[in-house]
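I opened this model to look at how its chains meet. My notes follow.

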Amino acid sequence: MIPEAAVWTIFFLPLGAFLFIALVVRPFFNNSPQQSGLIAIIAIAGSLALSAWALQSAITSATDQVTLDFPLHEWLTVGSLNISLGVTVDPLTSVMLVVATGVSLMVQIYSLGYMRGDPGYSRYFAIMCLFTASMAGLVISSNIVQMYVFWELVGVCSYLLIGFWFNRPAAAAAAKKAFIVTRIGDFGFLIAILYLFFNGSSLAIADINAGEALPAGMAATWLAVGIFAGAVGKSAQFPLHVWLPDAMEGPTPVSALIHAATMVAAGVFLVARFFPVFEHSTDAMSAVAMVGAFTAIFAATMGLVMNDIKRVLAYSTVSQLGYMIAALGIGAYGVAIFHLFNHAFFKALLFMGAGSVNHATGTFDMRYMGGLRKIMPWTYVTMVIGSLSLVGIFPFAGFWSKDEILLHAWRGDGSVATIVFWLLMVSVFLTAVYSFRMIYMTFHGDFKGGVQREQEERGEGSTAGASHEVQLAESPVFMVLPMLVLAVGAVVSGYVANPLGVSDKFLGIEAHWFSNFVTLPGLHVEKFSLSLAVISVIVGGVGIMIATAMYLSPRLPLGAVGRPFRGIHKLLSERYYMDHLYEGQIVSRGIYKVFAGTMDWFDSRIVDNVAEFVGWVSRNIGRAISVFQTGQVQGYAVVVAVGVTLIVGAFLIWGQ
Amino acid sequence: MAFQEVIFWVLAVSSVAAALGVVLLRDIFRAALLLVVVFLAVAGFFVMMNAEFLAVVQVLIYAGAIAILIIFAIMLTREVQQGNLPNRLQPAAVLFPVLLLAALVFVAVDTDWNLLQDQSRELQDNVEVVQTHTIGGIPDEMRGDIPGSDRSGLGELLINDFVLPFEIASMLLLAAIIGALVLVRER
Amino acid sequence: MGLEHFLVLSAILFCIGLYGALARRNVITVLMSIELMFNAVNIALVAFAKYVVPVGVEEQLGRMLTGQVFAIFVITVAAAEIALGLGIVIALYRNRETVDVSEASIMRR
């Protein structure tokens, strides 16, 4: 069994690395920034080892029916408010720890190559370490306030890393957008915490989930919706999904780690962590399911038309997070975490592949790529594996978890589960189309010039000193190696769970082991269904075939197919005009013009005038009074004498 | 008219006249000399009220030290002859002291004081013993009859009941010495 | 001859002193007037100690002398005041060649 100190060390190791890089390496050894990367890798590798230990302890305790109990430490006691600090190690936490530290380790190794030569090299690794520490702190929190602290910390790290190249206006704007949009969701989360506090509930997560202080009726729904609002913001669910595609302005490894594998999954984690609260209210569960399923298909449609490879992946991430949220909403708790686990591997892999492609071509625009298959074989193979896993083709990892989600929706009760099933099924098809559109545009056909061509077409010419240039070659080993590791994960991570269930044991793993391990008591896990699996693979396969027909072979020429759908295409490339709605209408018109305008008028007319009036009054009073200040001491003394006489006289007349 | 009353009236008239002289005379040097007269008259009042110690202190400090200081200051400032002009505040400076005087006299006369002469014979006798022994306190053989006489005499009071003000007064004097030195130091 | 005589005398001397302090230009006269006021107060204090019985003093008659102790403190303060006051007068005279209080008005600015 893992001791408490070791659990804390998972958190403190990367935090220490952050402090060391930020306070020692960056100020004093900035001419040898490679040290920062090595320090980060060593610290995170240590965290990964301890996380594995935590996972092993959680497995042991699950089989032995023992709960791992750690003491709570008093942190804040103000009046009746009592906030404790502590760690939790349960199946959910340990899985999240392994995912976070594992993907983080791969990303750091990848970053050694990807970020080479960047002037902010040390800063990059420092913030990555801080992020890893915050993510670990988030998942081990045993108190909702403690959790909220780390919840915001990962948000801050996300902000800092999206805006890593802060001298690029787009990056700075994207960072701001991500921070503000997630803040809207966090507001709901904060209100939920305050509600619990004012309701007199204990703020320890275990106590909240025990359900004693939970309200009944509508209040329970609103409490769950408040927590879900936080998840919607963090996991970029509709209608707060707009920040994630823009967040792709950050460095690609950041997208792989934060905006694909871990931080965005924190929303799913949050719903899972407070799952008993959601179970309390059927309405809340339905809302979660519907939001998730709608987001899954909504984002997938936008992924169809994006030309930026990272934006395709971003919408894919939003869509896959929708799967997880929908799975939670229909009660498929273990399966949702299973999908999170698999998704972390293949989506991080896909982002790394995109980064690798960018390393060679200097651009993210797929219209200027093509033909990279021969030049970058490793990247090609790993990305195809990642895409197949994403689509959910047998026998890749994504197949197993996606299939279990569909199965739960199919067998679930009520109309909500049925709607979710059909939405998700269509999403499978869309996922297949956009994934292979991406593969074909990037790796097949002829090379179309990369960043040089892009700049020429934009009329910028090849600007001297541009950070990227076309260097068609396979990426360095530091970048390929983590991709290979993750590719292996994308193939086999489904099997560690043995979702097949046809035989009781597969390589010593029991049937549906993962789902049973993670799931909460009282939730059932569906058995594998061959027919549904075949159907979903066929749907995915049809999607791949259509993509092949449109983008690889001239059988379905793009122009001919595209003509009738031009309106829809326009709608999709404009992202359903939601950014226009948010930025153009709500922010510009609503907030800037109406709200800020009113405030400006109030400030310049009323506040300023009041301030000036106060100044005018004091100035004139001062001027009037200064007449009496003659500087004549005896004049003052006369006033004193007058005062004394008046007081004595008044006392004699009225005092008795 | 008793002898004491004769003394009182002589001292009262001379002190008031001298005080008027202090504030009204043009010649500031003579004013300072009249101030000495006031000080000595006040010392006389103290004697009449069984405050011999204070009378001695009055003569030493006021008539001695302070008067000498003032005369020194007058000589250093060389405005002896025409030095004591009135300023422009005459009306107020006359009116309000007069009003205040009226109020004070009214209070002094009108108030129903808890006078010693209205008390019991025994208390009057005991108080008389206390008042006639301001220096050195009451002799031991008489103490038994008088309650609270273990702290009699100014010295006993000063180092018991008033020890804190006593110490503060010493600090005040020290500060005054240093302050005066700083003020008049040649720069 | 009793308390009232001394109190009225004290009041007269005090008000003469007050007049002098308010109405004279020469700063030394002002200081002398303040000394007059101190002396008037001392007369009143000693007269109270002599003629008035405070409530509850019967059991601790030694405290009848409190008025005289007050007078001692007043004399102490007066000594300190006159030393500082005359110091200021000398400094003023040295710097501005005047002992006129009306001209010492730089506090205004």
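**Chain C against chain B**

I searched for salt bridges between chain C and chain B and the count is zero. I note here that the model is predicted.

I then counted polar contacts. Chain C and chain B have 12 residue pairs in polar contact, both residues at pLDDT 80 or more.

Which elements of chain C give two or more residues to the side that touches chain B? I find α1 (3–23), α2 (27–51) and α3 (66–96) of chain C. The largest share comes from α3(C), with 24 residues. By class, I get 51 nonpolar, 15 polar and 10 charged residues on that side of chain C.

Next I looked up the extent. The contact takes in 76 residues of chain C and 91 residues of chain B. The two chains bury about 7500 Å² between them, and 76% of this lies on carbon and sulfur atoms.

**Chain A against chain C**

I moved on to chain A. Here 11 residues of chain A are in contact with 12 residues of chain C. I read a buried area of about 870 Å² between chain A and chain C, 53% of it on carbon and sulfur atoms. Gly631(A), Gln632(A) and Gln634(A) supply 50% of the area that chain A buries against chain C, more than any other three residues.

I checked the pairs again. Between chain A and chain C there are zero salt bridges. Two residue pairs are in polar contact, both at pLDDT 80 or more. Helix α27 (residues 633–654) of chain A gives the most to the side of chain A that touches chain C, with six residues. I class that side of chain A as five nonpolar, six polar and no charged residues.

**A helix pair in chain A**

Last, I took helix α15 (residues 333–361) and helix α17 (residues 377–391) of chain A. Their axes come within 9 Å and cross at roughly 145°. I record the crossing of α15(A) with α17(A) as left-handed.

Which residues make the contact? From α15(A) I list, among them, Phe346(A), Leu350(A), Gly353(A) and Val357(A). From α17(A) the residues include Thr379(A), Met383(A), Gly386(A) and Leu390(A). By class, the residues of this α15(A)–α17(A) contact are seven nonpolar, seven polar and one charged.

Definitions and conventions: Residues numbered from 1 in each chain as written. Chains lettered and ligands numbered in written order. Predicted model: local features only at pLDDT ≥ 70, side-chain atom pairs only at ≥ 80, totals over all residues. Heavy atoms only, no water. Axes fitted to C-alpha atoms, helices over the stretch in contact; angles between N-to-C directions. Helix = DSSP H or I, 4+ residues; strand = E, 2+ residues; numbered from the N terminus. Left-handed = near helix turned anticlockwise from the far one by under 90°. Contact = heavy atoms within 4.5 Å. Nonpolar A, V, L, I, M, F, W, Y, C, P; charged D, E, K, R; others polar. Buried area = accessible area lost by both parts, 1.4 Å probe. Salt bridge = Lys/Arg side-chain N within 4 Å of Asp/Glu carboxyl O. Polar contact = N/O pair within 3.5 Å; in protein donor to acceptor, adjacent residues only side chain to side chain.
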